[in-house]
Amino acid sequence: MPHILTMVGASLPGGSESVAAEIVGAFGLSPVSGRILSPDRAVELTLDGDPQDGDGDARAIARTLREALPEIDVAVLPESGRRKRVLLADMDATMVVGETIDELAAALGKEAEVSAITERAMRGELDFEAALDERVAMLGGLATTEIDRLAAALTYSPGAETLVRTMAAHGARCVLVSGGFDRVTGVVRERLGFHADRANHLEVGAQDRLTGTARKPIIDASAKVTTLRETALAAGVALDACLAIGDGANDRPMVEAAGLGIAYRAKPVLRDAATAHIDHTDLRTALYFQGYTDAEMTGGSAQARS
Ligand SMILES: [Mg+2]
C-alpha cells in the first residue's frame with residue numbers, strides 16, 4: 001500500500017523535499033507527487049509502492065528524516081485510512097499546558113511535593129493508582145471553588161481547539177480521557193468541542209471541600225484503552241480508524257492500540273509506543289498527518305502561528 005510522508009515545521013527549511021527524497025531513496029522508494037498542506041509549514045509526499053518492511057521501514061524513514069532535519073515533525077503513514085473517525089485525547093500536558101493536579105496543590109502550598117510525584121508517575125516510575133491516591137490525599141480540604149477557578153483559567157495547548165473541532169466537523173467522535181478530574185475535564189470538553197469526557201471524580205465533603213479521596217475504580221492506563229475500545233465499538237469503526245494522543249506513561253496502552261498513536265512532547269516511556277511524534281510544532285500537526293489542509297480546518301486557533 002502506498003505511504004505518505006508528511007513534514008511539518010514552524011517553517012520548513014529550504015530543500016526539505018530533496019532531503020526526504022534522498023532518504024526514502026535509500027529505502028528503495030521515491031516520491032511520486034507532492035502536496036502543500038500549509039504554505040511554508042506543512043507538505044506531504046506520496047511515495048511509490050510499499051516500504052519493504054512495512055511499518056518498520058516507515059518508522060525508520062521517519063527517524064532518519066528527523067535526524068537529518070531536527071526542527072521538523074515527520075510521519076510516514078499508509079495512504080488508505082489516513083483520516084481517523086475517532087479521537088481519544090489526554091488532557092494534562094496534551095490538550096492543556098501543565099498538570100492540573102500540580103496547580104491545585106499550589107493553591108494549598110503543596111505544589112513541590114505533589115509535582116515531584118506527578119513527574120515520576122508520568123514517567124511510569126510509580127504505580128499510577130497509588131500515586132494518584134497519595135496526591136489526592138494531599139488535596140484534602142481544598143475548596144471546590146478553587147478547582148472551578150483553575151478550570152476557568154487553564155492555558156490550552158496551541159492548536160488543541162482546531163484539532164478537536166476539525167475532526168468533529170469531519171464526523172469523528174472526539175473523547176477527552178484523563179487521569180485528572182471530571183470537574184476540570186467538563187470545562188475543557190465544552191471549551192474545545194469534545195463530544196464526551198471521562199476522568200476521575202474527587203469526593204466532596206462538608207462545606208464543599210475535598211475529602212482527599214477519589215472515587216474507585218479510577219481512570220488509569222487500562223481505563224483509557226478501554227474507553228478507546230468502547231468508543232470505537234460505539235462508532236462502528238476498527239481501532240485502525242482511531243487516533244489517540246497523549247504525553248505520559250498512562251497514555252501508552254491507548255497510543256499503542258490506536259491506528260494512529262501520537263506522542264505529543266512526550267515522556268520517553270511513551271515515545272517508542274507511538275506511530276508518530278509531535279515535538280516542535282502545535283497540535284494542528286495531528287491534522288496535517290491525516291492529510292488535512294489549512295483550508296479544511298475550523299476552530300479558534302486555526303490561523304494561529306506555532
Ligand atoms: Mg498527560
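## Helix packing

In this predicted model, the axes of helix 7 (residues 160–169) and helix 8 (residues 182–192) come within 9 Å and cross at roughly 70 degrees, where axes are lines fitted to C-alpha atoms, for helices over the stretch in contact, and angles run from 0 to 180 degrees between N-to-C directions. Helix 7 is therefore roughly perpendicular to helix 8, a term covering angles of 65 to 115 degrees.

Ala160, Glu161, Val164 and Arg165 of helix 7 meet Glu190, Arg191 and Leu192 of helix 8, contact meaning heavy atoms within 4.5 Å. The residues of this contact divide into 3 nonpolar, no polar and 4 charged.

## Magnesium site

Asp90 (OD), Asp92 (O) and Asp247 (OD) coordinate the magnesium ion at 2.1 to 2.2 Å, and the spacing of these donor residues in sequence is D-x1-D-x154-D. Donors are N, O and S atoms within 2.8 Å of the metal (3.2 Å for Na, K and Ca), and the site may look incomplete because water is not among the atoms.

Asp90 counts as buried at 5% relative accessibility, and Asp92 is buried with a relative accessible area of 7%; buried means under 20% relative accessible area (1.4 Å probe, protein chains only).

An open sheet is formed by 6 strands in the order 7-6-5-10-11-12, with parallel pairing. Its edge strands, strand 7 (196–200) and strand 12 (276–278), each pair on one side only, and the twist averages 20 degrees from one strand to the next.

Strand 11 (residues 260–264) pairs with strand 12 in the parallel sense over 3 bridges, pairing requiring at least two bridges found by DSSP. Ile262 stands opposite Ala276 in strand 12.

## Basis of the values

Residues are numbered from 1 along each chain as its sequence is written, and side-chain values use heavy atoms, leaving out hydrogens and water. Local features need pLDDT of at least 70 and side-chain atom pairs count only at pLDDT 80 or more, whereas totals for chains, interfaces and linings use all residues.

Definitions and conventions. Helix = DSSP H or I, 4+ residues; strand = E, 2+ residues; numbered from the N terminus. Parallel < 35°, antiparallel > 145°, perpendicular 65-115°, else oblique. Nonpolar A, V, L, I, M, F, W, Y, C, P; charged D, E, K, R; others polar. Buried < 20%, exposed > 50% of the residue type's maximum accessible area, 1.4 Å probe, protein only.
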